[in-house]
Amino acid sequence: MTKEEFSEKLKNGLAGLPQEDIDERLTFYSEMIDDRMEEGLTEEEAVAEIGSVQTLVTQIPEDTPLTKLVKEKVKPKRSLKGWEILLLVLGSPLWIALLIVLFAFLFTVYALIWSFVLLLWVVMITFLFSAIWTVLISPVFVRDTGGETGFELFFAGIMLIGFSIFMFFGCKAFTKFVWKLSKKIAVGIKSLFVGKDN
């Protein structure tokens, strides 16, 4: 692929980004290709070292704040006519209320998912402290009751410690999963605003 083809594909792939960001990225990668060509690579080799356009089109919006993408997407491409402004104003009680409900719903779902993650960690920590306390208190029961209850408490505490360790790895894996899922959802939302103009 030539430098010109690379730049054209990158420009088309980043169509939903603000124009200044597109120009900045195009300049950056153009200079990168030029630098590699000065080092002795051919134009095609220099472009190949940059990586695939698709990978860049996926990564670049991840670094761009969502507010910037939304602002660029809702910016009118032309000036609004009088009747369009009137419809927007008259319909604002409805569409503003719907937007508030949508954002409240999405925030509630997001908060519930992370609340569940937090709950799992709290349960794991509770099990761990209960287990440690049970093991520490068991010698008192051995002394006071002649041993049977104390040994039962000791072994129950050891089992709870094992369960807590097992639960720790489960909580850690689930937290990583929810974090990755949150990132994918954020990237998915951003992709709604990028690359749809052409």
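Tyr-29 counts as buried, because its relative accessibility is 9%, where buried means under 20% relative accessible area, exposed means over 50%, and partly exposed lies in between (1.4 Å probe, protein chains only). The model is predicted, so local features need pLDDT of at least 70 and side-chain atom pairs count only at pLDDT 80 or more, while totals for chains, interfaces and linings use all residues. Residues are numbered from 1 along each chain as its sequence is written, and side-chain values use heavy atoms, with hydrogens and water left out.

**The chain as a whole**

The protein chain holds seven helices and zero strands, and its pattern along the sequence reads α-α-α-α-α-α-α; here helices (H or I, at least four residues) and strands (E, at least two) are DSSP runs, numbered from the N terminus. Of the 198 residues in the protein chain, 23% are buried. Among the contacts in the protein chain with a separation of 6 or more, 73% come from residues 24 or more positions apart, a contact being heavy atoms within 4.5 Å.

**Helix 2 and its partners**

Helix 1 (residues 3-13) and helix 2 have axes that come within 10 Å and cross at roughly 155°, where axes are lines fitted to C-alpha atoms, for helices over the stretch in contact, and angles run from 0 to 180 degrees between N-to-C directions. These two helices are therefore roughly antiparallel to each other, since angles under 35 degrees count as roughly parallel, over 145 as roughly antiparallel, 65 to 115 as roughly perpendicular and the rest as oblique. The crossing of helix 1 and helix 2 is right-handed, and the contact is made by Lys-3, Phe-6, Ser-7, Leu-10 and Lys-11 of helix 1 together with Ile-22, Leu-26, Tyr-29, Ser-30, Ile-33 and Asp-34 of helix 2. A crossing is called left-handed if the near helix is turned anticlockwise from the far one by less than a right angle, and right-handed if clockwise.

On helix 2 (residues 19-38) there is also a contact with helix 3 (residues 43-50), and the axes of this pair come within 9 Å and cross at roughly 130°, which makes helix 2 oblique to helix 3. This crossing is right-handed, and the contact involves Tyr-29, Met-32, Ile-33, Arg-36 and Met-37 of helix 2 and Glu-43, Ala-46, Val-47, Glu-49 and Ile-50 of helix 3.

**Aromatic pairs**

Nine aromatic pairs are found in a search of the whole structure, where rings of Phe, Tyr and Trp (its six-membered ring) pair if their centres lie within 6.5 Å, and planes under 30 degrees apart count as stacked, over 60 as edge-to-face and the rest as tilted. Two of these pairs are listed here.

| Pair | Centre to centre | Angle between planes | Arrangement |
|---|---|---|---|
| Phe-28 and Tyr-29 | 5.0 Å | 75° | edge-to-face |
| Phe-127 and Phe-163 | 5.1 Å | 80° | edge-to-face |

Phe-127 lies in helix 6 (residues 82-145) and Phe-163 in helix 7 (residues 148-191), so that the pair links distant parts of the chain, 36 residues apart. Phe-127 is partly exposed, with a relative accessible area of 30%, and Phe-163 is partly exposed as well, at 38%. Phe-28 counts as partly exposed at 44% relative accessibility, and Phe-6, Phe-28 and Tyr-29 form one aromatic cluster.

Helix 6 also contains Ile-132, which counts as partly exposed at 35% relative accessibility. Ile-132 and Ile-158 are 26 residues apart in sequence, and their C-alpha atoms are 8.1 Å apart in space.
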